[in-house]
Amino acid sequence: MFVRQAAARNMTRVTSVKPFSACFSTQNVGVTRLGYAVPEIQLVLHSNDVVWRIFGGNSMVSVSDDVICLGFVDGGVNARTSVVIGGFQLEDNLIEFDLASNRFGFSSTLLGRRTNCANFNFTSIA
């Protein structure tokens, strides 16, 4: 789906760079405060109202000055899990694990709020 949406945005696919399989030229890709202007990835959790949105800043890995790759690695035919969210996807997202309720909460990217985890004040009382 991502590759089809990228093609619709005139993103040029280039040779893959291991370990990534979907790589693109940066030539026709703009940059926003949310990272590269690429198709948004939506992880729909238990309902359509609970969606983790992943933007270019957390989905695209810059492998050279002119090549970016979708920062997800195919687990292969015998994958142990269906989805693994890596550190790159978690950067600048607030995640709260509520062990007592067996739930977790998430903010999606803080970049859209003009901040990031590096300058976030975790000690403030709101």
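Guide: Let us begin with Trp 52, which is buried, its relative accessible area being 5%. Buried stands for under 20% relative accessible area, exposed for over 50%, and partly exposed for what lies in between, with a 1.4 Å probe and protein chains only. This is a predicted model, where local features need pLDDT of at least 70 and side-chain atom pairs count only at pLDDT 80 or more, while totals for chains, interfaces and linings use all residues. Residues are numbered from 1 along each chain as its sequence is written, and side-chain values use heavy atoms, with hydrogens and water left out.

Visitor: In which strand is Trp 52 found?
Guide: Strands here are DSSP runs of E with at least two residues, and helices are runs of H or I with at least four, numbered from the N terminus. The run of residues 51-54 holds Trp 52, and that run is strand β6.

Visitor: Which residues does Trp 52 touch, not counting those up to four places away in sequence?
Guide: A contact means heavy atoms within 4.5 Å. Leaving out residues up to four places away in sequence, the partners of Trp 52 include Ile 41, Leu 43, Ile 85 and Leu 90. Also among them are Gln 42, Gln 89, Asn 93, Ile 95, Phe 104, Phe 106 and Ser 108.

Visitor: Which residue in β10 is the bridge partner of Ile 95?
Guide: Two strands pair if DSSP finds at least two bridges between them. Strand β9 (residues 93-98) and strand β10 (residues 103-109) are joined by five bridges in the antiparallel sense. Within β10, Ile 95 has as its bridge partner Phe 106.

Visitor: In the hairpin of β9 and β10, which residue takes a positive phi?
Guide: Four residues lie between the two strands of this hairpin. The positive phi, near 60°, belongs to Asn 102.

Visitor: What is the order of the open sheet of four strands?
Guide: Strands of a sheet pair through backbone hydrogen bonds, either parallel or antiparallel. In this open sheet the pairing is antiparallel, and the order is β1-β2-β8-β7.

Visitor: Why is one side of β1 and of β7 left without a neighbour in the sheet?
Guide: β1 (13-14) and β7 (60-64) each have a single partner strand, so one side of each has no neighbour in the sheet.

Visitor: Which cysteine forms a disulfide with Cys 23?
Guide: A disulfide is counted when two cysteine sulfur atoms lie within 2.5 Å, and the count here comes to one. The sulfur atom of Cys 23 is 2.1 Å from that of its partner, Cys 69.

Visitor: How many residues apart in sequence are the parts that this pair ties together?
Guide: Cys 23 is in strand β2 (residues 23-25), while Cys 69 is in strand β8. Cys 23 is buried at a relative accessible area of 0%, and Cys 69 is buried at 0% too. The pair therefore ties together parts whose separation in sequence is 46 residues.

Visitor: Is the disulfide right-handed or left-handed?
Guide: The torsion about the S-S bond of Cys 23 and Cys 69 is about 100°. The disulfide is therefore right-handed.
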